[in-house]
There are 2 protein chains.
Amino acid sequence: MKMLLIHADYLEFEAKEKTKIAEETDILKGRMEDCLVCFIAVERGDNKNVIKPAIEEIDKVAKQLKVNNIVLYPYAHLSSDLSDPETAVNILKLLEEELKSRYNVLRAPFGWYKSFKLSCKGHPLSELSRKIEPKEEEEKKEVKS
Amino acid sequence: MKMLLIHADYLEFEAKEKTKIAEETDILKGRMEDCLVCFIAVERGDNKNVIKPAIEEIDKVAKQLKVNNIVLYPYAHLSSDLSDPETAVNILKLLEEELKSRYNVLRAPFGWYKSFKLSCKGHPLSELSRKIEPKEEEEKKEVKS
Ligand SMILES: [Mg+2]
């Protein structure tokens, strides 16, 4: 998974047109103020084991920036090695589920052409990129013979 | 070179703070309307031979979109395999030189923390990403024995 994290004055979007892989949704527009925008590309090899390290990274940055508002925004252009669309949507939904107990979360729909307006704050921590690798839930114990 | 091309209602930026690799410049803020924003990461292995194919790609998209306004915006987060800063600045300046005979060009400074505001139009051609490879100026001719 690739993530580009932007500390923004605001992010707003409007879904304009479906692509062939558009998810069904009623949330076709949205806006959030003073937020951490997480542009996300789910990559080949990603599975539910990427959720925990992704959340840890988002938590860490959100805490540093003292933000309570999170935008999850699918962004295929961050990777040239994307997962299939079903996996991507599932992972984005799982991220949303995990985050929304602790943050206000706005998730932009996957697979739509969208207009967006973004204002990046511009301080040193306001643009960060991360590569997140899936991590097995249980540590494998070394078997001694 | 990686490029993310965004057809925008506007892009504006303001350089806020230098990083260690900041270029010297007097252009610390700027705004352009109805523009093609070229977010660019110059990568290891890029040299002046990347200019021509990059310009061809920008020309092609600018023609399709019928835009006369081009923003060149350095964006390291598009790649995990960046060039050295000197090469990056040189290539960005060469791109600017080549483009400005035919377009209005705004180039955001390299190596500064910048705030920015962006409005992406959201039609199907309004977000495109490209990987550009350096191309030798002269075609190698096959030597027949
Ligand atoms: Mg504000």
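His7(B) lies in strand 1 (residues 2-18) of chain B, where helices (H or I, at least four residues) and strands (E, at least two) are DSSP runs numbered from the N terminus. The model is predicted: local features need pLDDT of at least 70, side-chain atom pairs count only at pLDDT 80 or more, and totals for chains, interfaces and linings use all residues. Residues are numbered from 1 along each chain as its sequence is written, chains are lettered from A and ligands numbered from 1 in the order in which they are written, and side-chain values use heavy atoms, with hydrogens and water left out.

With a relative accessible area of 9%, His7(B) is buried (under 20% relative accessible area; exposed is over 50%, partly exposed in between; 1.4 Å probe, protein chains only). Its side chain makes a polar contact with the side chain of His123(B), at 2.8 Å. A polar contact is a pair of N or O atoms within 3.5 Å; within protein, one must be able to donate a hydrogen and the other to accept it, and residues adjacent in sequence count only if both atoms are side-chain atoms. Neighbours within four places in sequence aside, the residues in contact with His7(B) include Cys35(B), Leu65(B), Val67(B) and Ser126(B), contact meaning heavy atoms within 4.5 Å.

Chain A can be laid on chain B with an RMSD of 0.0 Å by a turn of 180 degrees and a shift of 0.0 Å along the axis. The two copies are thus related as by a two-fold rotation axis. Copies are superposed by least squares on the C-alpha atoms of residues with pLDDT of at least 70 in both. Of the residues of chain A, Leu118(A) comes closest to the rotation axis, its C-alpha being at 2.7 Å. Both copies use the same surface, as 100% of the contact residues of chain A recur in chain B.

| Item | Value |
|---|---|
| Residues in the contact | 22 residues from chain A, 22 residues from chain B |
| Area buried between chain A and chain B | about 1900 Å², 51% from carbon and sulfur atoms |
| Residue pairs in polar contact, chain A and chain B | 9 residue pairs (both at pLDDT 80 or more) |

Buried area is the accessible area (1.4 Å probe) that two parts lose on being put together, summed over both. On the side of chain A that touches chain B, strand 5 of chain A gives the most, with 8 residues.
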